[in-house]
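Here is a short tour for someone meeting this structure for the first time. Have a look at it, then read on.

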Amino acid sequence: MPDWIIILIKSAILLLVVVTTFAYSMLAERKVLGWMQLRPGPNRVGPWGLMQPAADAAKLILKEDLTPRTADPLIYRLAPFISLLTAFSVYAIIPFGASSAGTWAIGNVNAGILFLLAITSIGVYGITLGGWASGSKYPLLGSVRATAQMISYELGMSLSFIGVLILAGTTSLDGIVNAQAKWWFVVPQFIGFIVYIITAVAETNRVPFDLVEAETELVAGFHTEYSGLRFGLFFIAEYVNMLTVSCIASLLFLGGWNAPFGLDNLHVPGVIWFIIKVGFFMFFYMWLRATLPRFRYDRLMAFGWKFLLPLATLNLVVTAIIVAYMGH
Amino acid sequence: MRKQLYNVGAILKGLSITFKFMFAKRPTIEYPSIKKQHAPRFHGLHELRRYADGKERCIGCELCSSACPANAITVIGAENSPENRKSPGERHAARYEIDELRCIFCGMCEEACPTDAIVLTPRFEMSDYRRGALIYSKDRLLVPPEAGVGTAPDERPNGIPADLGRVAEVKSTVDVDEGYNATNRGQVLKVQRKGLAILKRDD
């Protein structure tokens, strides 16, 4: 079979998997939130509420697609697609298992992390343009916040990546995971890991950093004016981004598809370990949402610039010095 | 620095609390399929009772109507004729209507009734899309002859009528007799019940 057919098939399967994961992580989030708040969570549609995502999708599709009179029609309609496209295109390079022949990833890019950073930073355009093009005040405030927040936290995130890159000596995601065969980078890069987790939550605009759509102040933030399927696209993008940063956390810090605690002799396929790790991070997101209140905006900025950025820089410098003197 | 560490500790504590709550017993009773058990003298939909011989208890005296603080009850009495006796007394209710939308379920009608004819049952599911359907007249209030005579509230067992569905398996906290002794009104009703027992013998 020619390469492009294989890649097409892989992309179709991946799209299906990611969308299904989105649907059920949304259900899982509502369930987990419910349990943590002593509620049963959605359980009316199908057994254990398993058909809830289908019901939600049907509802969103049937809703009216409104465009405010003051909105910029082209950009207003385009913005959700920018968010969604960037959210999905990251999966072109994420390897899900040990890929000796490139079986578990669509593309094996040797500058994987750079591609990843490049794509995810385009994601902010969807939110910024969506809020700006809505032509009303709350979305505008939300998108201004989004821009400021994402630029501030992108720095800390990139710096926490560089620590890993120095240790692994490669920018390819495959190479980084293979470099963790002995020690997961969460041990030598613990500070980097903490910085990454915090900035990842901020990058995906989730509680406690969800100032972009702070209900108490901004109605619904950047997607106040959106309804129906376009709102749904933003929603999908948010959850797919959650999934993305969970995947990256597993790949860069938790050894990707490597078995934990020397459980290699169980012969569990690597992709299962990967899914477990990603699932843990997804659960952590929901757990945080059930626990923490929202940051105040000035504190969010102060925390990003005055604490996370110096901490990440310090971590980077120390790692660089140690690697320079002791080798890998 | 100590303050920062304290903050981290606070976040971890919060996370541990939410995690524990994930496995805690949830108090939700999933209502339409499972219903909460309530006190035996719960004030729900009204019911007009009968005597054991099938005669209506209501004598059309309109005391319930005048006791009603919400003006929800309309009673139009009529004389009993010897060939068609509807109640043991001289009069019976030709029409008896309760507007359940006006009713505040206070139970004053139940207290005012000299023959214990009108009682509040534990039935509470009577919503409807039509306002008119919530005006209950005798055809729906009177216990049908084949369904017995109706139960006085103070003789009613704990729980909700069987035809309303599955009851939540919560430990019943209300002991019927204790429940009556606990309130003044219960005591009064108990005495009245004794009086009614004598009345029944007289029939």
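Where is L38(A) found? It sits in the loop between α1 and α2 of chain A; helices (H or I, at least four residues) and strands (E, at least two) are DSSP runs, numbered from the N terminus.

## Before we start

This is a predicted model, in which local features need pLDDT of at least 70, side-chain atom pairs count only at pLDDT 80 or more, and totals for chains, interfaces and linings use all residues. Residues are numbered from 1 along each chain as its sequence is written, while chains are lettered from A and ligands numbered from 1 in the order in which they are written.

## Two domains in chain A

Chain A is split into domain 1 (1-62) and domain 2 (66-327), with bounds that come from an automatic or database domain assignment. The C-alpha centres of these two domains of chain A are 20 Å apart.

Where they meet, 17 residues of domain 1 of chain A are in contact with 16 residues of domain 2 of chain A; contact here means that the C-beta atoms of two residues, placed from the backbone, lie within 7 Å. On the domain 1 side, α1 (3-36) and α2 (52-62) of chain A each supply at least two residues, and α1(A) gives the most, with 14 residues. Sorted by class, that side has eleven nonpolar, four polar and two charged residues. For these classes, Ala, Val, Leu, Ile, Met, Phe, Trp, Tyr, Cys and Pro count as nonpolar, Asp, Glu, Lys and Arg as charged, and the others, Gly among them, as polar.

## The nonpolar cores

A nonpolar core is a set of buried Ala, Val, Leu, Ile, Met, Phe, Trp, Tyr and Cys residues joined through C-beta atoms within 7 Å. Buried means 20 or more other C-beta atoms within 10 Å of a residue's own, exposed means 12 or fewer, and partly exposed is in between, with C-beta atoms placed from the backbone. The largest core has 80 residues, and L243(A) and F253(A) are among those with the most contacts inside it.

## Chain B

Chain B has an open sheet of three strands in the order β3-β4-β6, with antiparallel pairing; strands pair if DSSP finds at least two bridges between them. β3 (73-79) and β6 (135-136) of chain B are at the edges with a single partner strand each, so one side of each is left without a neighbour in the sheet. Between β4 (residues 91-99) of chain B and β6(B) there are two bridges, and I98(B) stands opposite Y136(B).

As for the other chain, twelve residues of chain B are in contact with ten residues of chain A.

Most residues other than glycine have a negative phi, and most peptide bonds are trans. L38(A), our opening residue, has a positive phi of about 60° and counts as partly exposed, because it has 13 C-beta neighbours inside 10 Å. N205(A) also has a positive phi, of about 55°, but N205(A) is buried, with 25 C-beta neighbours inside 10 Å.

The loop between α7 and α8 of chain A holds N205(A), and P208(A) has its place in the loop between α7 (190-203) and α8 (215-218) of chain A. The peptide bond from V207(A) to P208(A) is cis, with omega near 5°.
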